[in-house]
Amino acid sequence: MEEALCNWAVIRSLLAIVQWWAFNVTVIIMNKWIFQKLDFKFPLTVSCVHFICSSIGAYVAIKILKIKPLITVDPEDRWKRIFPMSFVFCINIVLGNVSLRYIPVSFMQTIKSFTPATTVILQWLVWRKSFEWRIWASLVPIVGGILLTSMTELSFNMFGFLAALFGCLATSTKTILAESLLHGYKFDSINTVFYMAPFATGILALPALVLEGPGVIVWLNTHPSVFSSLSIVFASGVLAFCLNFSIFYVIHSTTAVTFNVAGNLKVAVAVLISWLIFKNPISGLNAVGCAITLVGCTFYGYVRHMISQQLPGTPRTPRTPRNRTEMIPLVNEKLDDKV
């Protein structure tokens with residue numbers, strides 16, 4: 001009986017990881033397809049569509065289907081705590097889509113893997129937190145891999161590179177702010193989207209309309225297959241919301257170590273599939289740099305886990321708690337790997 005339960009737990013973990021990979025990779029590939037193949041080069045509009053779909057989906061899931069109970073937040077806290085988080089959340093997703101507009105998926109995903117380093121550096125510089133040597137040592141392969149990948153990227157674009165890099169900073173800022181701004185609230189991924197997506201929609205709607213509205217109108221009047229193309233754009237928004245369910249499921253079905261390893265393998269899967277679809281050139285050294293970065297991220301996650309498991313009374317490295325807000329995609333830490 002115990003063996004059967006153990007086998008079911010393993011199967012459940014594998015299914016959770018596979019469906020998470022499927023949703024995450026599909027959203028990334030669809031976004032790149034929208035920008036490159038459909039010639040819909042409007043990342044702000046795509047991000048806004050995602051926020052609208054997520055707002056509607058979260059409302060239906062919580063208020064109508066009652067899949068998750070609503071976590072009550074004081075009206076004052078919505079503006080003092082949720083709104084600042086939503087602003088950073090919005091910037092994070094937009095920068096991810098902007099980077100996809102200009103650089104290959106493989107390069108963008110590798111740059112996003114720089115998030116652990118930016119998180120540690122921000123905590124050290126701004127919040128004056130100290131970290132033991134194992135944490136700093138684990139960042140060396142991440143930084144080295146990113147440098148090698150950037151120097152050997154055959155489709156390098158400075159604007160896309162900077163968008164991905166600042167996206168890492170936004171992800172790190174969101175992770176760090178969650179410790180103080182969301183203290184006392186135990187959000188899961190669905191409740192997080194329920195509160196943040198409407199704010200993000202309001203923040204982004206006007207800039208998208210002003211900066212990209214005229215271009216979208218021209219595209220609507222000149223594109224040969226408007227209906228099918230718009231269907232793909234809105235489908236990517238629906239799948240982006242479904243990704244939040246998949247993240248909630250995988251978090252509760254795997255251990256922290258398994259989740260860390262699966263997150264890095266997911267990046268490798270996304271890189272491989274994007275290369276098969278878009279055929280972007282990847283040099284040997286570029287692939288080596290990407291591999292070094294992913295190995296470094298896995299090692300970093302292992303070090304953090306080992307430090308967190310130290311016995312009470314043992315000196316521990318200050319760290320940002322892994323609360324539910326960190327588990328949103330859009331790495332991604334790796335999790336925001338939104339999209």
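Colleague: Which residues are buried in α5?

Modeller: Before the details, please keep in mind that this is a predicted model, in which local features need pLDDT of at least 70 and side-chain atom pairs count only at pLDDT 80 or more, whereas totals for chains, interfaces and linings use all residues. Residues are numbered from 1 along each chain as its sequence is written, and side-chain values use heavy atoms, with hydrogens and water left out.

In α5, the buried residues are Thr115, Pro116, Ala117, Thr118, Thr119, Val120, Leu122 and Gln123, where buried means under 20% relative accessible area, exposed means over 50% and partly exposed lies in between, using a 1.4 Å probe and protein chains only. Eight of the eleven residues of α5 are thus buried, and the helix is mostly covered. As for the setting, the protein chain has eleven helices and zero strands, helices being DSSP runs of H or I with at least four residues, strands being runs of E with at least two, and both being numbered from the N terminus. Of the 339 residues in the protein chain, 53% are buried.

What covers α5? Its buried residues pack against α4 (105-112), α6, α7 (158-181) and α11 (284-308), with contact meaning heavy atoms within 4.5 Å.

Helix α5 (residues 115-125) and helix α6 (residues 133-152) pack at an angle of about 135°, and their axes are 9 Å apart; here the axes are lines fitted to C-alpha atoms, for helices over the stretch in contact, and angles run from 0 to 180 degrees between N-to-C directions. That angle makes α5 oblique to α6, because angles under 35 degrees count as roughly parallel, over 145 as roughly antiparallel, 65 to 115 as roughly perpendicular and the rest as oblique. The crossing of α5 past α6 is left-handed, a term used if the near helix is turned anticlockwise from the far one by less than a right angle, while clockwise gives a right-handed crossing. On the α5 side, Pro116, Ala117, Val120, Ile121 and Trp124 take part, and they meet Ile135, Trp136, Leu139, Ile142 and Val143 of α6. By class, the residues of this contact of α5 with α6 are ten nonpolar, no polar and no charged, where Ala, Val, Leu, Ile, Met, Phe, Trp, Tyr, Cys and Pro count as nonpolar, Asp, Glu, Lys and Arg as charged, and the others, Gly among them, as polar.

Between α5 and α6 there is a loop, and Arg128 is found in it. With a relative accessibility of 69%, Arg128 counts as exposed, and its phi is near 55°, a positive value in a residue other than glycine. Elsewhere, in the loop between α2 and α3 (75-102), Lys66 also has a positive phi, of about 55°, although it is not a glycine. Lys66 is exposed too, with a relative accessible area of 61%.
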